[in-house]
Number of protein chains: 2
Amino acid sequence: VIDSPLGRLMGAEMAEQPEVLARLAGRFASIAAAVREIGEAGDGLRGVAFLARGSSDNAALLGRYAIEQQAGLPTSLVAPSVLTAYHREPEHFRGWLLIALSQSGRTPEIVDIAERFGRNGAHVVAVTNDADSQLARAARLSVALEAGPELAVPATKTVTAQMMAVLAIAAGVGSGGGVGAEEAARLAGEVAALLGDTAPVEAAARTLAAVRSLAVVGRGACYPAALESALKLQETLGVMAHGFSSADFRHGPIAVCGRDVPALLLAGSGPADDDTRALRGELALRGAPIVEFGTGAAADGGWPALGHMGECLLATVRGQQLALSLARRLGIDPDQPAGLNKVTLTA
Amino acid sequence: VIDSPLGRLMGAEMAEQPEVLARLAGRFASIAAAVREIGEAGDGLRGVAFLARGSSDNAALLGRYAIEQQAGLPTSLVAPSVLTAYHREPEHFRGWLLIALSQSGRTPEIVDIAERFGRNGAHVVAVTNDADSQLARAARLSVALEAGPELAVPATKTVTAQMMAVLAIAAGVGSGGGVGAEEAARLAGEVAALLGDTAPVEAAARTLAAVRSLAVVGRGACYPAALESALKLQETLGVMAHGFSSADFRHGPIAVCGRDVPALLLAGSGPADDDTRALRGELALRGAPIVEFGTGAAADGGWPALGHMGECLLATVRGQQLALSLARRLGIDPDQPAGLNKVTLTA
């Protein structure tokens, strides 16, 4: 399976993650310091808004949680349609940090909106993989992911790099208590270990090989990873994967699960993760097959209990591994899914 | 089909919507005025946060769009886990409006979080169906939906009432340009007309009767309705319905659609809706059956071009009608889906 010609690019880019993350971890403290400087130059930050689409949106969600936890500041995910289709100017974001996430830094809608926030007094931070991009140039602070060219259509190494970048930004906004430079450096090593530990993924892929739809469930740090893993399964396999928060899932959507619709549970060692594990019983009553990655999963020894938001990256890597393994089993080439393009052009 | 014993409660509660909405429209201006007064009593509002779970979350999303458009104020959807599981106090929300949406007003998590926002200087507005509830009593302003008891498990009349309530609140926060009291009163009539015009829904239900998973797609005002319709299909039918923003859908998730996985498009007359209709061609190339509700759908004459955010209610009603019709065709009683409870108790 590993020597498959399918998903060669995706596999290679996934394998680069420890190196990309280690490099970024080396700049973690300086990114946090640059963000702190922006806050201290003014009257302090009034809030933090995120601007993103697709996979970047899931990294933004992690950033939002990290900032709310560590700084207690208001956070907002910008709805691009309000600014583009409805032509509203962001005139009440003076003193806010606007974190724009775009792999290419060239998505026109993202560049346009970031510029408009900047003109209205927001401090724009660009998180991109191309430090010469329009978005990077439009920003007060450019955080380069330095992940190298990403050629496979499913974004992998840029997503985990974006996640680490938003954790570094959160460290600069907050007053401690979150992931710091040391945790980040260790995280790069943990991702390497996880990538080397494929047995839990292959076991999960055997269970899920014939599946056409599934629920991907997590809470806290694992919720953005659940959304990202669902997106990866959608776009690489065409499988109807739906990411849910454990808290919402229990009160209605769990009805979708049954014999033919399994649940993939992502649950680490954070205070919200027990909610996810608590779903096991009810899912079993419904006859739904359960696949679980995380610290409480007997079969997933590779996922250490980190006790912080960085577990989002571990869950995200598990989702990538699963998507790639399933694609190979199903004879699908995830490097070039039919009909999808890399740079998004949203009107 | 209409005289089915299945979904009698759900059908009856759906039928009450024009009356509930007309009553609420009669209080639209006074709700807006009470909200405006809160803003004027202080130094003006600094932002608007929403607190909700499940269906209420979708009404909150509509409120967020309406407020961003009409007031340009920062908005935020509160992540309950940050406050409950991670024990963070909302100390930076002084001068914010906190809009807490809960049908019963008794969901302990929502009550607790609203009280904590209030203690930290946020202006709490409770939107509930029970003006004597704990949540209503904890609030500075209580907006009663007066929808009457909701007995069916799938929330219908309280959801559209919540949507109208958040539009009234948006009118009080904003400086015009959105739905006003007159538009609200007309909207109640339009909902009545839509409920009487079931032919498009029955045609759609014929197409979708055997479907086990589908994508529900919308943008702008129809995006919250897409999420709400997907939730309704999940909880009443156990169908894997996934709500998507048209803008995200096109760049990856569209891969889930094909011969066996149709797309339900919700597209009204707003500036973002053309994006949704633009998906028709690509969906057809993938062989995916398309069902469409909205102003551009030849078969859906009952949906008038309102040109404002109120179309979210029309799209939401179409989703309710579809869920009920499909349930009856499939012999499912949506009043009592197996294993679901009405009041949510999230740890």
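Hi everyone! A search of the whole structure turns up 40 salt bridges over all chains. Before I walk you through some of them, please keep in mind that this is a predicted model. For anyone new to the idea, side chains of opposite charge can pair when their charged atoms come close.

Let's start inside chain A. Asp197(A) forms a salt bridge with Arg318(A), and the closest N and O atoms are 2.7 Å apart. Where do these two sit? Asp197(A) is in the loop between α9 (181–196) and α10 (199–208) of chain A, while Arg318(A) is in helix α15 (residues 311–330), so the pair ties together parts that are 121 residues apart in sequence. Are the partners buried or exposed? Arg318(A) is buried, at a relative accessible area of 0%. Asp197(A) counts as partly exposed because its relative accessibility is 22%, and buried means under 20%.

Here is a second pair. Arg280(A) forms a salt bridge with Glu292(A), with 2.8 Å between the closest N and O atoms. This pair also links distant parts of the chain: Arg280(A) belongs to helix α14 (residues 280–285) and Glu292(A) to strand β9 (residues 290–294), 12 residues apart. With a relative accessibility of 32%, Arg280(A) is partly exposed. Glu292(A), on the other hand, counts as buried, at 14%.

Lys232(A) forms a salt bridge with Glu228(A), and here the closest N and O atoms are 2.8 Å apart. How many residues separate Lys232(A) and Glu228(A)? They are 4 residues apart, about one turn of the helix, and both lie in α11 (residues 222–237) of chain A. Both Lys232(A) and Glu228(A) are buried.

Now let's bring in the second chain. Chain B can be laid on chain A with an RMSD of 0.0 Å, using a turn of 180° and a shift of 0.0 Å along the axis. The two copies are thus related as by a two-fold rotation axis. Which residue of chain B comes closest to that rotation axis? That is Ser76(B), whose C-alpha is at 2.4 Å. The same surface serves both copies, as 100% of the contact residues of chain B recur in chain A.

What does the interface look like in numbers? There are 69 residues of chain B in contact with 69 residues of chain A. Between the two chains, about 5,100 Å² of area is buried, and carbon and sulfur atoms give 55% of that.

Salt bridges turn up here too: the count between chain B and chain A is 4. In one of them, the side chains of Arg219(A) and Glu109(B) meet at 3.6 Å, N to O. There is also a network of salt bridges that links Arg53(A), Glu109(A), Arg219(B), Asp248(B) and Asp275(B).

Which elements of chain B supply the side that touches chain A? Several of them each give at least two residues, including α4 (55–71), β2 (75–77), β6 (213–218) and α11 (222–237). The largest share, 7 residues, comes from α4(B). Sorted by class, the side of chain B that touches chain A has 34 nonpolar, 21 polar and 14 charged residues.

Let me go back into chain A for one more residue. Gln162(A) is found in helix α8 (residues 157–173). Gln162(A) is buried, with a relative accessible area of 1%. Its side chain makes a polar contact with the side chain of Ser56(A), at 3.0 Å. What else does Gln162(A) touch? Leaving out residues up to four places away in sequence, its neighbours include Ser55(A), Ala59(A), Leu101(A), Gln103(A), Val127(A) and Leu145(A).

Glu146(A) has a phi near 50°, which is a positive value in a residue other than glycine. Glu146(A) is placed in the loop between β5 (141–144) and α8 of chain A, and it is partly exposed at 39% relative accessibility. In chain B, the phi of Glu146(B) is near 50° too. Glu146(B) sits in the loop between β5 (141–144) and α8 (157–173) of chain B, and Glu146(B) is partly exposed, with a relative accessible area of 40%.

How values were computed
Residues numbered from 1 in each chain as written. Chains lettered and ligands numbered in written order. Predicted model: local features only at pLDDT ≥ 70, side-chain atom pairs only at ≥ 80, totals over all residues. Heavy atoms only, no water. Least-squares fit on C-alpha atoms with pLDDT ≥ 70 in both. Contact = heavy atoms within 4.5 Å. Buried < 20%, exposed > 50% of the residue type's maximum accessible area, 1.4 Å probe, protein only. Polar contact = N/O pair within 3.5 Å; in protein donor to acceptor, adjacent residues only side chain to side chain. Buried area = accessible area lost by both parts, 1.4 Å probe. Nonpolar A, V, L, I, M, F, W, Y, C, P; charged D, E, K, R; others polar.
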